[in-house]
Amino acid sequence: LADAITAALAALPEGAPEAEALKAKLPPPPKPSNKDKKAAKDGDAAKEAARKAAEEQKLAARAKKKEAAAAKGVKEGGGKGGPAGKGADGAKPDGAASKAPAAKPNGSGAAAAAPVHAKPMSNKNYELHFGAAAPPLLAVVAARLVRQEVALRRVDPKALPSGCDSVLYLPGGSRSLRGCGAIARYFARLAPPELGAYGAAGDALSASEVDEWIEWLSASGPPAAATPPLLARLARHLRMRSFVTGHAASLADAAAWLLLRQLPAPDKACSGAGVHVARWWGCVEALPAFKEAAQLLFGAAKDAGSLEIPLPNAERGKVVTRFAPEPSGHLHIGHVKAAMLSAHFATQYEGKMILRLDDTNPSKEKGDYETAIVGDLQRDHLA
């Protein structure tokens with residue numbers, strides 16, 4: 001019957017009204033028997049076993065290939081022209097590795113050791129290696145500015161390339177960048193253009209201005225000597241600008257902020273340089289990237305917030321606060337804020353808080369609201 005109905009459905013044109021009636025007459029498919037279920041289960045188990053066997057074969061082949069490559073490298077390490085296990089001159093190596101050539105003495109008669117550059121071979125994230133007591137400041141701030149996670153690694157200066165104070169290893173360890181300026185510019189270019197870390201998006205002049213500010217600041221000398229000309233230039237430059245370049249905090253802002261941040265009292269120095277510098281300083285200091293950098297590099301305290309707000313001329317035991325809601329509805333978030341502040345100051349100064357139910361609009365007031373307000377304050381320990 002099912003075969004006949006299926007054949008009839010195949011003969012009908014698409015969308016024929018008789019098709020629905022024929023479909024309704026189709027008998028339901030037979031339920032699989034226990035034997036069929038067991039056969040299907042055995043087939044799935046066989047497929048899984050075959051898949052695992054294939055994976056094991058692949059792993060074994062890879063391991064065998066690695067062993068062959070390692071054996072080939074050891075054989076080649078014995079040197080040409082001599083037997084395995086001996087160097088090119090026939091001498092046996094010291095341990096597993098042959099001796100390095102002796103360093104030539106320098107002018108003072110002491111041996112000049114060649115610097116060894118220890119490079120990570122399998123880092124999964126960015127790693128910034130530096131040899132000084134502090135990390136390269138501009139590179140760290142640039143990473144924070146573009147929200148890029150970087151692992152900081154302080155290493156022996158001799159482990160860095162000659163004449164280099166910092167190295168950034170890209171994920172994988174196969175490529176690297178040297179120098180604080182190059183690393184900072186890399187991070188700024190890595191960010192989306194709309195972020196403005198390297199000037200306004202698509203604006204070559206703005207990007208060049210970032211470079212010009214960085215180069216000028218790097219040649220300005222120590223912070224004490226560079227601060228007066230920097231503040232004077234910022235005071236002129238920021239009259240019609242919110243940031244040094246572009247429409248957002250860029251690498252140029254980071255470089256100027258870093259120099260001023262190294263002063264003993266940067267807030268005082270910027271506030272005394274005029275309203276434009278003070279406005280810019282307050283803006284960049286409030287940005288999350290600069291806050292994190294200040295905490296990491298300069299030990300700035302985290303802003304945890306506090307309700308210890310002093311009341312001028314307040315005397316302990318004589319402070320009286322008042323909370324006066326109108327019982328025309330339930331308390332909302334604005335009421336709770338006022339009630340919490342009133343209760344806090346009364347507790348802080350060992351005074352009291354008075355609850356006064358305002359009757360400004362008697363026609364809308366209800367006794368149920370009065371009961372609810374008192375109950376809410378008691379439940380929140382405010383009354």
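Q: On a 1 Å grid over the protein atoms alone, a pocket is an open set of points with protein on both sides within 12 Å along at least five of seven lines, whereas a cavity is a set where a 1.4 Å probe fits but cannot get out; how much space lies in the largest pocket?
A: The largest pocket holds about 360 Å³ of space, a volume being the space filled by probe spheres set on points joined across faces, edges and corners. The model is predicted, with local features needing pLDDT of at least 70 and side-chain atom pairs pLDDT 80 or more, while totals for chains, interfaces and linings use all residues. Residues are numbered from 1 along each chain as its sequence is written, and side-chain values use heavy atoms, without hydrogens and water.

Q: What makes a residue part of the lining of the largest pocket, and which elements supply at least two residues of this lining?
A: A lining residue has an atom within 4 Å of a point, and the largest pocket has 15 of them, with Leu138, Leu217, Ser218, Leu258 and Gln262 nearest its centre. The elements in question are α4, α5 (180–190), α6 (204–218) and α8 (251–261), with α6 giving the most, four residues; helices (H or I, at least four residues) and strands (E, at least two) are DSSP runs numbered from the N terminus.

Q: Why are β1 and β2 said to pair, and what is the hand of the crossover between them?
A: Pairing requires that DSSP find at least two bridges, and five bridges join β1 (residues 126–130) to β2 (residues 150–154), which run parallel. Tyr126 stands opposite Val150 in β2. From β1 the chain crosses through α4 (residues 137–145) to β2 in a right-handed β-α-β crossover, a term for a path that runs clockwise from the first strand over the helix to the second, with the strands pointing away from the viewer.

Q: Why is Gly274 called partly exposed, whereas Asn313 counts as exposed?
A: Buried means under 20% relative accessible area and exposed over 50%, with partly exposed in between (1.4 Å probe, protein chains only). Gly274, in the loop between α9 (266–271) and α10 (275–286), has 28% and is therefore partly exposed. Asn313, which lies in the loop between α11 and β5 (320–323), is at 79% and so counts as exposed; its phi is positive, about 65°, although it is not a glycine.

Q: What makes a set of residues a nonpolar core, and which residues have the most contacts inside the largest one?
A: Such a core joins buried Ala, Val, Leu, Ile, Met, Phe, Trp, Tyr and Cys residues through side-chain atoms within 4.5 Å. The largest has 56 residues, and Phe187, Trp257 and Trp280 have the most contacts inside it. To this core α8 gives the most, nine residues.
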